[in-house]
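Work through the exercises below with the sequence and the coordinates at hand. Each task is followed by a stepwise solution.

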Amino acid sequence: MISNPHPAGQPGRNPNLLVLSREAALPMLSQAFGKVLAGFDDVLFDRAETAGPSQLAFLDGMRELRRRREEIAQRFGTHLQQAWSALEAGTPLSADSVLAGQSDGGLSLVPEHVLESRLAVRNFATVLLRDWKQVLARLDHRLAWISGVPALDADTNPIGPEHIGVAVHEAFYTCELAPEVRLVLFKLCEREFAVGIGKLYESVDERLAQAGAAPEVPAPRRAAPARPAAAQPQQDEDDSQDAGHAPMWAQRFSERWSQRRSSMSGAAGHDAGGAAAGGGFDEDGGFGNHQSVVLEALHELLAQTRQTREGVSAAGAALNNANAQQRSLNQREMMSVLSLLQATPSATLRAAVGEDGESLAQRLKSEVLSGATRLGVDPAQAHLDPQDEDAIDLVGMLFDVMLDERDLEGRSRELIGRLVVPFVKVAMLDRRMFVQKTHPARKLLNSLAEACEGNAGESQAERALMGKVEEIIERLTAEFNENLAIFLTLEEEFREFLSQHRRRIEIAERRAAETQRGQEKLEMARSRAGTELDKRVEGTALPKAINDFLRQPWSHHLTMTLLREGDEGEGVAEALKLADDMLEEVGQARRHIVGKPWLQACQPALRKVFSSVGLHGDGGSSAIDALHDTLQAIAEARPELERALPELPQVALPSPPVQEAPAIEFGNSAKAEDFDDADAERFRRMEIGTWLDFIDKDGKMQAGKLSWVSPISSRLLFVSRRGIRFCVASPEELAVMVRLGRLRPHVDDGAFDSAMQGVLDRLEPQATPAN
């Protein structure tokens, strides 16, 4: 075991530990990649046997892999070595910039296959980040500590999932592979190569911990096994019944914290665990035993997070000594400063709300201390009370998560951001807000977030809703002093307004289903018309006038007739007979039958077709004459006498229906190997009204409600909270999204509870109960 290279626990560049980490990681990664790569050509050969039209593409891909296997493996290792060298030089390399740098840096479009490749490696990295979140958080910190850089994250950790994904991308980048073959290779990497990477992370983390790197970071520990997914809904329901009005995140957190505390040695740990295990949430939502434990555990987590952020250093000790000579701002002073910020938020605080990377908590603490000067307090002689700092940290992180993960943009983001200061005041006055599900402040925030989420003000109803949101927030910021009753008043008022708005949403939802039904019927009619035309003219060269007639007026007329009458209507049979008769007359004309009264029997049907596209009377007669003269010219072998159809009126010819993207770019159609059929079957049986969370490539989540299932295509229509069509996808496409981590069950805990769960996810990887 290597002794601690930094006696005072201070981070700094340490070549010995950097070499130790490199030798523990890079050769193993290259060896693991080479091992799975060796079997990929055989997999492609097997795929070729069932690939149908793509068989040659898979066989060519197999030969390409065999020919360039050494080069592929070398390119993989080269990228990781470059990323590690950048870390050793103190200038960590951004994985995202490497991918972006493959274009010419100008405004030229990136080829589609490159975009698909980038998406595939992003998905590969996302899976690893999700599965190994906690150990990666520790590795980021330890590697930054030994390399002397301020911080590492998912984008700059040279052995993190993002750089491994880029290395895979680089490995195959120069290979001549069909897009479908390239995507299969990435999926093989996700399935086979990713298996051992997590164990490698744990091994490197353990070595660095034993070597004394970043001693303030908790030692590696094995995570408790996850509760089986199939059992979770029933368990959640049972928890909810037992816990009364306690939010779900608090119940889960209390259970985990109790288990951790009770598993530790010592009487203090045993007593804390026993306290957490006993008692229970009061049925009336009161401040019971579990709630006290949850709040105290949150305070402990926040303290540990601050300690980790500041580090156990001489500078930190000096800061603590300085704080010992200062006094804490009392509650009256805190409320006064916060009231000033509530009435007139500073420009920097407003800017922090609009920036993804800015910490609201840190910005707000700075604003409070600087705002104290207006009360005559010298900032150099004062600091925040730990309880007040906890309140600011929790509320700041809560809004950070909400603004990051919810579909809140533009005006919606600004309005929700104005609630930060009032909610800090609530947290200081009544910390039960965090653990009491029926608290009026959290109920108001849930309703306001629901109204703002995805609301771009595109309709009159949306604009009216946003106007009411603005009115409620204006009243709250103007009237809230220290009386929490205003939250109850405003929540009841806004709830009533929201219920009226929901009735309008139901109407919009029905309209979305009707629109989709009409589009699918149109799509089916167009497909039938195209099939009937292709069946008659495929491979046949027709005179321009006849060809134009069949592909425009006749196709439009047949499509509209199919929509009105269905497949077996009399008008459909009449339209099909017209096409057959015209083609028969073309054949006769080409046999040079002279003197035949062309199209005489077809004229009533022709006039009906031209009328359907707006050619009536003389216009229809002129169009029929053009067809007649064309046939006559063919019969007389005088092509110069052929005529064109007159210009058709501007008519709304059927166009392909707009297909809603299923919240993700697939790159190609869903295939059997891309999804679990059990997932697809579950979507086929899913009940109307079920909500799901759709997650885009940036991690933004939007909830969608299953509103309608097509009896024609079996596709599922999801609408947003506004009742607007949001996603139309097949069960198979939805199952692909599950596999890629872009779709998950929706837990209707409200915006507040979902954000609190996100706060815990950010806190817990760094925390462990104190001894």
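**Exercise 1.** Determine which helix holds His 501, whether His 501 counts as buried or exposed, and which residues His 501 touches.

Solution. Step 1: His 501 lies in helix α23, residues 485-537; helices (H or I, at least four residues) and strands (E, at least two) are DSSP runs, numbered from the N terminus. This is a predicted model, in which local features need pLDDT of at least 70, side-chain atom pairs count only at pLDDT 80 or more, and totals for chains, interfaces and linings use all residues. Residues are numbered from 1 along each chain as its sequence is written, and side-chain values use heavy atoms, with hydrogens and water left out.

Step 1: His 501 counts as buried because its relative accessibility is 3%; buried means under 20% relative accessible area, exposed over 50%, partly exposed in between (1.4 Å probe, protein chains only).

Step 2: Leaving aside residues up to four places away in sequence, His 501 touches Ala 461, Leu 465 and Arg 722, where contact means heavy atoms within 4.5 Å.

**Exercise 2.** Arg 722 also lines the second largest cavity; describe that cavity by volume and by lining.

Solution. Step 1: On a 1 Å grid over the protein atoms alone, a cavity is a set of points where a 1.4 Å probe fits but cannot get out, and lining residues have an atom within 4 Å of a point. Grid points are joined across faces, edges and corners, and a volume is the space filled by probe spheres set on the points.

**Exercise 3.** Describe how helix α21 and helix α30 are placed relative to each other.

Solution. Step 1: Two packed helices are described by the angle between their axes and the distance between the axes. Axes are lines fitted to C-alpha atoms, for helices over the stretch in contact, and angles run from 0 to 180 degrees between N-to-C directions.

Step 1: The axes of α21 (residues 440-452) and α30 (residues 750-763) come within 6 Å and cross at roughly 100 degrees. Therefore α21 is roughly perpendicular to α30 (angles under 35 degrees count as roughly parallel, over 145 as roughly antiparallel, 65 to 115 as roughly perpendicular and the rest as oblique).

Step 2: From α21, Arg 442, Leu 445, Asn 446 and Ala 449 make the contact, and from α30, Gly 750, Ala 751, Phe 752 and Asp 753. By type, the residues of this contact are 4 nonpolar, 2 polar and 2 charged.

**Exercise 4.** Which residues of helix α29 are buried, and what do they pack against?

Solution. Step 1: In α29 (residues 731-739), the buried residues are Pro 731, Leu 734, Ala 735, Val 736 and Met 737.

Step 1: They pack against α28 (677-684), β3 (691-695), β5 (716-719), β6 (725-729) and β7 (743-745).

Step 2: Just after α29, Gly 741 takes a positive phi of about 75 degrees.

**Exercise 5.** Where do Leu 599 and Ser 714 lie?

Solution. Step 1: Leu 599, in the loop between α25 (570-590) and α26 (603-612), has a positive phi near 60 degrees and is buried at 1% relative accessible area.

Step 1: Ser 714, in the loop between β4 (701-709) and β5, has a positive phi of about 65 degrees and is partly exposed at 42% relative accessibility.

Terms used
1 Å grid on protein atoms, 1.4 Å probe; cavity = no way out; pocket = protein on both sides within 12 Å on 5 of 7 lines; lining within 4 Å. Nonpolar A, V, L, I, M, F, W, Y, C, P; charged D, E, K, R; others polar.
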